[in-house]
Each structure stands twice: as structure tokens, then as C-alpha cells.
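This report describes the fold of one protein chain, from its overall make-up down to single residues. The sequence and the model come first.

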Amino acid sequence: MRKVLIVNTDNEFISNLSDLVEWGRYDCRLIGSCNDGHQAMETILRQLPDIVFIQLSIPGLSGLKVISKVLENGLLTKFVITEEYGDFLLAQQAMRMGVQEYLVYPINVSDIDRILSRDSDEALPINRSEERRVGKECR
């Protein structure tokens, strides 16, 4: 079973993502959440998650710095960036480090399904008639 960690300063986002995703469908287990970069680094090094949903603009170590340090430690953690606002330069830096997913609020649960299904043996269908979103709408 793959281990998943959420790193975000928005507790409502963490709660919604935790509750809306049926982690077991993807052979995943949510191992926890963190609100800052230092706590994220400690948790990643101790728990060795396979997938980390990470916000770049977090206190302490930035999300990019966390990603960089994890890669320096030789871990094969997959990062999915979750941000309230899109920032092309940050996205570009993250992509250069090997990050393949950069999601901007509101995040469709179908995007999470696509990401988690891609690595599992069989993609599971979701009910697209009632699209669910995580995060605040930005206007």
C-alpha cells in the first residue's frame, strides 16, 4: 500500500482532500498532514511517503526546498504541487526538479483520480456527474 502525505497551510483544504478521496481505492493510505516545511521534512524522512501533495508557499522550508532536500537524500517520493494561485516560474522550477503535477485551486477530484490511478494497476472510474472540488475558487 502506498503512503500519502499532505503538506498545506490550509486546514480546510487538508480536511477536504482527506475526506473526499477514497484512498483505499488507489491502494493508498493517508499517513498524515503537515503545515510547515520543517515538519514536512521530518515526516518525510521518518515515514517515507510514496506521494506528497505539497503547497509551495509554506512557512519554514518552502515547498521547493523540501522537494530539493528529499531528492538530495535519494528518496523516490512523487510530489504533487497544490497551490491557490498558479505561478509559472515556481511551476517551471518544480518541473525541472522532476515534479510532474502542478494543481491550482479549486482542484477537481477527477485530477486526483487521474494522478493516483496512473500509478496503480487499474484505473477506477469515478462519478463524473457530480464533480467534486477541493480548495477555494479564485476570482
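Helices and strands are DSSP runs, helices of type H or I with at least four residues and strands of type E with at least two, and they are numbered from the N terminus. The model is predicted. With these terms, helix H2 is followed by Leu 48, whose phi is positive, near 50°.

**Overall make-up**

The chain contains five helices and seven strands. Along the sequence they follow the pattern β-α-β-α-β-α-β-α-β-β-α-β. Of the 139 residues in the chain, 45% are buried. Among contacts with a separation of 6 or more, 65% are between residues 24 or more positions apart. The accessible surface of the chain is about 7,400 Å², and carbon and sulfur atoms hold 46% of that area.

**The sheet**

Five strands, in the order S2-S1-S3-S4-S5, form an open sheet with parallel pairing. Strands S2 and S5 stand at the edges and have a single partner strand each, so one side of each lacks a neighbour in the sheet. Direction ignored, neighbouring strands of this sheet are turned by 20° against each other on average. In general, strands of a sheet pair through backbone hydrogen bonds, in either the parallel or the antiparallel sense.

Opposite Glu 101 of S5 stands Val 80.

Helix H1 (residues 11-20) lies across S1, S2, S3 and S4, and runs at about 155° to S1.

Helix H2 covers residues 37-47, and Gly 37, Ala 40, Met 41, Thr 43 and Ile 44 are buried in this helix. An α-helix has 3.6 residues a turn, so residues three or four places apart point the same way. The buried residues of H2 pack against S1, S2 and S3, and also against helix H3 (63-72) and S4. At the start of H2, a side-chain oxygen of Asp 36 comes to within 2.9 Å of the backbone nitrogen of His 38.

**Two single residues**

Arg 2 is found in strand S1, and Gln 92 has its place in helix H4. Their relative accessibilities are set out below.

| Residue | Relative accessibility | Class |
|---|---|---|
| Arg 2 | 15% | buried |
| Gln 92 | 27% | partly exposed |

The cut-off for buried is under 20% relative accessible area, and partly exposed residues lie between this and the limit for exposed, over 50%. Arg 2 therefore counts as buried at 15%, whereas Gln 92 counts as partly exposed at 27%.

The side chain of Arg 2 reaches the backbone oxygen of Tyr 26 at 2.7 Å. Gln 92 and Tyr 102 are ten residues apart in sequence, and their C-alpha atoms are 9.7 Å apart in space.

Notes
Residues are numbered from 1 along each chain as its sequence is written. This is a predicted model: local features need pLDDT of at least 70, side-chain atom pairs count only at pLDDT 80 or more; totals for chains, interfaces and linings use all residues. Side-chain values use heavy atoms; hydrogens and water are left out. Two strands pair if DSSP finds at least two bridges between them. Axes are lines fitted to C-alpha atoms, for helices over the stretch in contact, and angles run from 0 to 180 degrees between N-to-C directions. Contact means heavy atoms within 4.5 Å. Buried means under 20% relative accessible area, exposed over 50%, partly exposed in between (1.4 Å probe, protein chains only). A polar contact is a pair of N or O atoms within 3.5 Å; within protein, one must be able to donate a hydrogen and the other to accept it, and residues adjacent in sequence count only if both atoms are side-chain atoms. Accessible areas come from the Shrake-Rupley method with a 1.4 Å probe; for residues, only the protein chains shown count as cover.
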